[in-house]
Amino acid sequence: MSREDFAGALAEIDTILRASPKDVQCHRLAAEVHRRLGRVDDAVRHLEVAASLDPVIGSRARCSACSGRGRPAGDSGVARLLVDDTFITAAFGTLCLDQGLADEATIVFTRLVRKDPGDVGARERLETALRARSRRKG
């Protein structure tokens, strides 16, 4: 990935996932590579697999869904992934923003800035997401 050889990185990730299909971090990395290659559906699929494999994340998501709490605003399927901190990453926020999901990107970058107020990149992306939201709402 550091050489931006995403096809090569994906080949290595696929090899790892064939040997260890329950490797949560590898699924998250696969999602990032697919995002960079513009394969959004594959990226989301790997993120969903990662969430389903982590029992702590899965039970927190189920509790939130049952209680009706913790669910972010918005009606996209992506919003369900933002129930906990699993997908609160700059990469996922950027993926949301790139796909026109300004509300979801705003949630991600807001939470990143709350975690680390000094994160200049997250602040800049939050401003971008907020501008995109305001343009869409008109």
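Cys96 is buried at a relative accessible area of 2%, where buried means under 20%, exposed over 50% and partly exposed in between, with a 1.4 Å probe and protein chains only. The model is predicted, so that local features need pLDDT of at least 70 and side-chain atom pairs count only at pLDDT 80 or more, while totals for chains, interfaces and linings use all residues. Residues are numbered from 1 along each chain as its sequence is written, and side-chain values use heavy atoms, with hydrogens and water left out.

**Cysteines and helix α5**
- Cys26 also counts as buried, because its relative accessibility is 6%.
- With a disulfide taken as a pair of cysteine sulfur atoms within 2.5 Å, the count is zero.
- In helix α5, which spans residues 90–98, the buried residues include Cys96 together with Phe92, Gly93, Thr94, Leu95 and Leu97; helices are DSSP runs of H or I with at least four residues, numbered from the N terminus.
- After α5 comes Gly100, which has a positive phi near 80 degrees.

**Packing of α1 and α2**
- The axes of α1 (residues 6–19) and α2 (residues 24–36) come within 10 Å and cross at roughly 155 degrees, the axes being lines fitted to C-alpha atoms over the stretch in contact and the angles running from 0 to 180 degrees between N-to-C directions.
- The two helices are therefore roughly antiparallel, a term applied to angles over 145 degrees.
- The contact, defined by heavy atoms within 4.5 Å, involves Phe6, Ala9, Leu10, Ile13, Ile16 and Leu17 of α1, and Cys26, His27, Leu29, Ala30, Val33, His34 and Arg36 of α2.

Note on methods. Angles under 35 degrees count as roughly parallel, over 145 as roughly antiparallel, 65 to 115 as roughly perpendicular and the rest as oblique.
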